[in-house]
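Student: Hi! I've just opened a structure that is new to me. Could you walk me through a few parts of it?
Tutor: Happy to. Let's bring it up.

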Amino acid sequence: MHHEIQKMREIALVYLDRSGGLQKFVHDCKKYNDSKQNYAVYRFIISINPSDIAELDATLGNYILHNPIQAAQIFQSVCFIAIKTLSLIEQLQTEAQISILLKPTHLPPLPSYVLSLSAFPFNYTSQRFYMSEGIAIAMGTITKYTQGARFLCTEETCPFSEGFRYIRVHLPGATESATVRNDFVCSLCSSPLQEDMKFRVLGDKQIVEMIDAKVLNALKGYSNDKSHFRIQTFTVFLRDELANKMKIGNHYKIIGIPACVQNGLQATACIEVNSVQLCKPNGPSFVSDNFKYLLSLTSSSCWRFTAILANIFASQVVPPGTYNTLKLAILLSLVQTCEKENADYLDLLIVTSDTLVIDRLLNYSICLLPRGIRHPPSSEIFPSVSKDKHGTGSAHIQACSAVLAKGGICYIGDLSSYKKDKLELLQSVLESRMTTVFIPGKKYGEEADQQVTISVQTNFWSFVDVDSSSKKHIQKDNFLIGQMDVSLIPPNLLDIFGLLIYNEFPSCRLSSPLAHHILKKAINPEAMLYKVSQQFRMQDYEEFIFFAKNLHVELSSEAENLIQGYYLASRRVRRDSIHGSTLSASALKILISLSKAHTKLSLRKKVLEEDALIAILLLESSLTLKHGKSALCIAPNPVFPFDLSDENSLQQRDSYLMQCHHQLLKFIGAYGPGIHINTNEE
């Protein structure tokens, strides 16, 4: 065995030399040597490529992958000999003072190296490297732990009452009480050992709760997937340079060593993380042939493709041709989702008395995204703080619906069911796309209070039940905002929501196709009632939305001029003597976001005037509901004034939209302050 270990040491030295690890090691030693300070522990990180080392020597490669703690001792011996031979650190006295952390760049892509966080049994006894992935749903504040400590013999005449003979270093899964105990005895004279507190080395530690990404399917509220699975969170420890490497709500791939942490009578399975890698969302980079064919058929007009998309969308939930404006708004919001900072967001607020149908439609729609979350009423929308359950007493920030919906949709249900303080918090988040978590220091054992700011990168969907709003507030003086009685919702919150949509069919007069659809679906929920449902399946829409949302689009100068002209003219027209302009500054962002979304939905990369016109009509319709009509004076349902039954109706709609465009140019010419727009007279 000694011969094998000696051979592995030689191979380890050859690998370090060839991989550039030896050069990095010498550089790290120089930092320690220059400080001229005595340390109990000298810590080194060695990056290991398992493929390269296995090719060099299969035995050492296997040893690193399956016995990483023992393999670290081989590198420890090599590093100690190197330091002494080359006189790299003058202060170093014993081999025990060297702490080696092996970091594999990757693991073999084999099932035995993958630790599934939702599969059982959870193998935490092997003490070897595994790869795992999941979503960070809770995160603790950074605390200190003991990296290493020096112990001395209490017998003054013993040779080990000084020097660096007895060194304790942290091992994966070890608790603080296991690393620094008071029951050690001297191997020479059997006297008790005592820690030399001056030489204790502290490091940073952060506890993160992760969960299998399958949980996102469970949080959709409605799904075609009928499989059953059990998921629970698992604990990962981020130490030293990895602390703060994770952000709450993100999806990560980790490599680490599973362990079992004992906390009183409780045992917790956890993973000591060696490396962290952010997982990018991956999906299809194509659209189905049926969508391509539809696009080619409608290439003569910039408006027809999106009109037909909205017309046939969600035919499993509502009949084709119903709720077209709402379905177009939903599709626009779906393609305007991404995980980038300062992205263009598009929030929806629907005013309805058909809460059941609207709820089904929104539930169906969020399932088209990987991060479509239906907020459960029993939990919090935004992050909250609780005490860490691992006995440290530190603060633990819990991710809630809005953070888990990162880069997707957070559907929060009926807005009128929330209390005033929740609505105020929602308004603040919609304005800044940030939420702040306050951590009182006294409560969580810290010297000072802390504030943690978390970005909220999601679109919010909600609805208001106009019937219940009227019933709840009979005693109060109801007031009308524009054409809708939404007295329950603060006016400022209404302005912050990107679009206010009023659905076409109030419950008192359900359309005949919708009533037939609901009855047939109640009898046979799995039935395909329309041919279009078979031609454009749910999976086709998932692929289409993933492709469209990742398109990079740019504003053309014509579209920009049209948006700017409308915005300035509307600010001039929509004003009163007390409050000034009723058009908020965020309206310009919403117009740009809507225009870009319509371009993506049309599978184009340049925002045209036609896209800007749809955006303006949707926003003007929303403003009319909030504040009443303006001098632009659009029809009640400007984007879909006709039922789309054949090609003639599409041609009729195109002509109508051209008239709207001409009317808009006149409006800008009359009320825009010095705005010049080129008009093409036909």
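Student: Which backbone nitrogen does the side chain of Ser301 reach?
Tutor: That of Trp303, at 3.1 Å. Bear in mind that this is a predicted model, where local features need pLDDT of at least 70, side-chain atom pairs count only at pLDDT 80 or more, and totals for chains, interfaces and linings use all residues. Residues are numbered from 1 along each chain as its sequence is written, and side-chain values use heavy atoms, with hydrogens and water left out.

Student: And which side chain does Ser301 make a polar contact with?
Tutor: The side chain of Asp654, at 3.1 Å. A polar contact is a pair of N or O atoms within 3.5 Å; within protein, one must be able to donate a hydrogen and the other to accept it, and residues adjacent in sequence count only if both atoms are side-chain atoms.

Student: Where does Ser301 lie?
Tutor: In the loop between helix H8 (289-297) and helix H9 (304-312). Helices (H or I, at least four residues) and strands (E, at least two) are DSSP runs, numbered from the N terminus.

Student: Is Ser301 buried or exposed?
Tutor: Buried, because its relative accessible area is 12%. Buried means under 20% relative accessible area, exposed over 50%, and partly exposed in between (1.4 Å probe, protein chains only).

Student: New topic: where is Leu551 found?
Tutor: Leu551 sits in the loop between helix H18 (538-549) and strand S20 (554-555). With 13% relative accessibility, Leu551 counts as buried.

Student: What does Leu551 touch?
Tutor: Leaving out residues up to four places away in sequence, Leu551 touches Lys600, Leu603, Arg604 and Lys605. Contact means heavy atoms within 4.5 Å.

Student: How far apart are Leu551 and Thr599?
Tutor: They are 48 residues apart in sequence, and 9.2 Å apart in space, C-alpha to C-alpha.

Student: Now some helices. How do the axes of H19 and H22 cross?
Tutor: The axes of helix H19 (residues 557-573) and helix H22 (residues 647-671) cross at roughly 60° and come within 9 Å. Axes here are lines fitted to C-alpha atoms, for helices over the stretch in contact, and angles run from 0 to 180 degrees between N-to-C directions.

Student: Which residues make the contact?
Tutor: On H19 they include Leu562 and Tyr566, and on H22 they include Leu665 and Phe667.

Student: Last one: how many helices and strands are in the protein?
Tutor: There are 22 helices and 23 strands. Of its 682 residues, 53% count as buried.
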